[in-house]
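Hi everyone, thanks for coming. Let me put the model up on the screen, and then I'll walk you through it.

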Amino acid sequence: MTQAPNVYDADPIPEAARAEIDRMLQSGDLFRYTAPENAPVTLLEHEFADLMGSRYALAVSSCSAALFLSLKALGLPRDARVLIPGFTFAAVPSAVIHADCVPVLCEVAENYRIDMADFEARLDGDISAVIISHMRGHTSDMDAIMALCDAAGVPVIEDAAHSLGTTWHGRNIGTIGTVGCFSFQSYKLINAGEGGIMVTDDANLVARAVIMSGAYEHSWMKHDVPAEAMQAWQNKLPLYNLRLSNLSAAIIRPQLPELARRVRDGRRNHDHVANLLNASP
């Protein structure tokens, strides 16, 4: 009898993380801005940006923090209306409210994807931004969404907390909109207990997000972001202190090479359970 795959337990943290964690425990060097360069969080940002094919990445305390910072970095006015799918997680409308904006729900079809007719109808002149939640890996029609949003001049934030490793017509989910946000919470493919990261190609947006994440004084100089973009916002934005620690980054980094294998395992586990359900009367 074929043994069923383990669909419950998280993967163990790779052994490669132990040496770096032990080094940091000995040195107490847990803060991302202590080292002059190449802190574990900085290395994680470079590696994740390369993995996704994005210019910039900013590691933060959670995907919720990344969504919040994305909205604040867009410079939306108070009470701006943000269109989100009805099938999402509580963190998404919560991030919208934390950013002093108003969530607006659009319908989702029986396939768990955005109802494009309802989306187009609600994408009126009162919508200032869109968050697309790729819930449980169910990817909505990003070609149609981006065409509508580009025509309306509305920026798109991708909530890819559930969709690291997912692609849409060969493009990595999280890199299609203006900014993509990912989670490193324990239920996700990359597990740091807590944590998140955002990616973008927009230097001005990431500069604003870096400062607001908690790059106080001149700590922003340790980010690989054009200095002119950073200097433009120095001392002009509030700090929300949503940084990731070096300890979390040390746990995350050796898991990145495991991503493709974990995607394959996840799809196998899904198909195993789906086949059992489909065979049941």
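Let's begin at asparagine 246, which, neighbours within four places in sequence aside, is in contact with Met24, Asp29, Leu30, Phe31, Arg32, Ala39, Pro40 and Val41; contact here means heavy atoms within 4.5 Å. This is a predicted model, so local features need pLDDT of at least 70 and side-chain atom pairs count only at pLDDT 80 or more, while totals for chains, interfaces and linings use all residues. Residues are numbered from 1 along each chain as its sequence is written, and side-chain values use heavy atoms, with hydrogens and water left out.

Asparagine 246 sits in helix α9, residues 246-252. Helices (H or I, at least four residues) and strands (E, at least two) are DSSP runs numbered from the N terminus. Is asparagine 246 buried or exposed? It is buried, at a relative accessible area of 0%. On that scale, buried is under 20% relative accessible area, exposed is over 50%, and partly exposed is in between, using a 1.4 Å probe and protein chains only. The asparagine 246 side chain also reaches the backbone oxygen of aspartate 29, at 3.4 Å.

Now for two residues with backbone angles to look at. Arginine 136 is not a glycine, yet its phi is positive, about 55 degrees. You'll find arginine 136 in the loop between β4 (127-133) and α6 (142-152), and it counts as exposed at 60% relative accessibility. Histidine 169, also a residue other than glycine, has a positive phi near 50 degrees. Histidine 169 is in the loop between β6 (167-168) and β7 (171-172), and its relative accessibility of 64% makes it exposed.

On to the pockets. A pocket is an open set of points on a 1 Å grid over the protein atoms alone, where a 1.4 Å probe fits, with protein on both sides within 12 Å along at least five of seven lines; lining residues have an atom within 4 Å of a point. Grid points are joined across faces, edges and corners, and the volume is the space filled by probe spheres set on the points.

How much space lies in the largest pocket? About 1800 Å³. Its lining has 49 residues, and the closest to the centre are His162, Tyr187, Lys188, Leu189 and Gly266. The elements giving two or more residues to that lining are α3 (63-73), α4 (91-98) and α10 (259-278), with α10 supplying the largest share, eleven residues. By type, the lining of the largest pocket divides into 17 nonpolar, 19 polar and 13 charged. Here Ala, Val, Leu, Ile, Met, Phe, Trp, Tyr, Cys and Pro count as nonpolar, Asp, Glu, Lys and Arg as charged, and the others, Gly among them, as polar.

The second largest pocket holds about 160 Å³. Of its 15 lining residues, His46, Arg55, Tyr56, Ala57 and Asp224 lie nearest the centre. Two or more residues each come from α2 (40-52), β1 (56-60) and α7 (203-214), and α2 gives the most, five. This lining splits into seven nonpolar, four polar and four charged.

Finally, let's zoom out. The chain has ten helices and nine strands. Of its 281 residues, 48% count as buried. Among contacts between residues at least 6 apart in sequence, 66% join residues at least 24 apart. And the C-alpha atoms fill a box of roughly 60 × 55 × 30 Å along the principal axes.

Methods. Polar contact = N/O pair within 3.5 Å; in protein donor to acceptor, adjacent residues only side chain to side chain.
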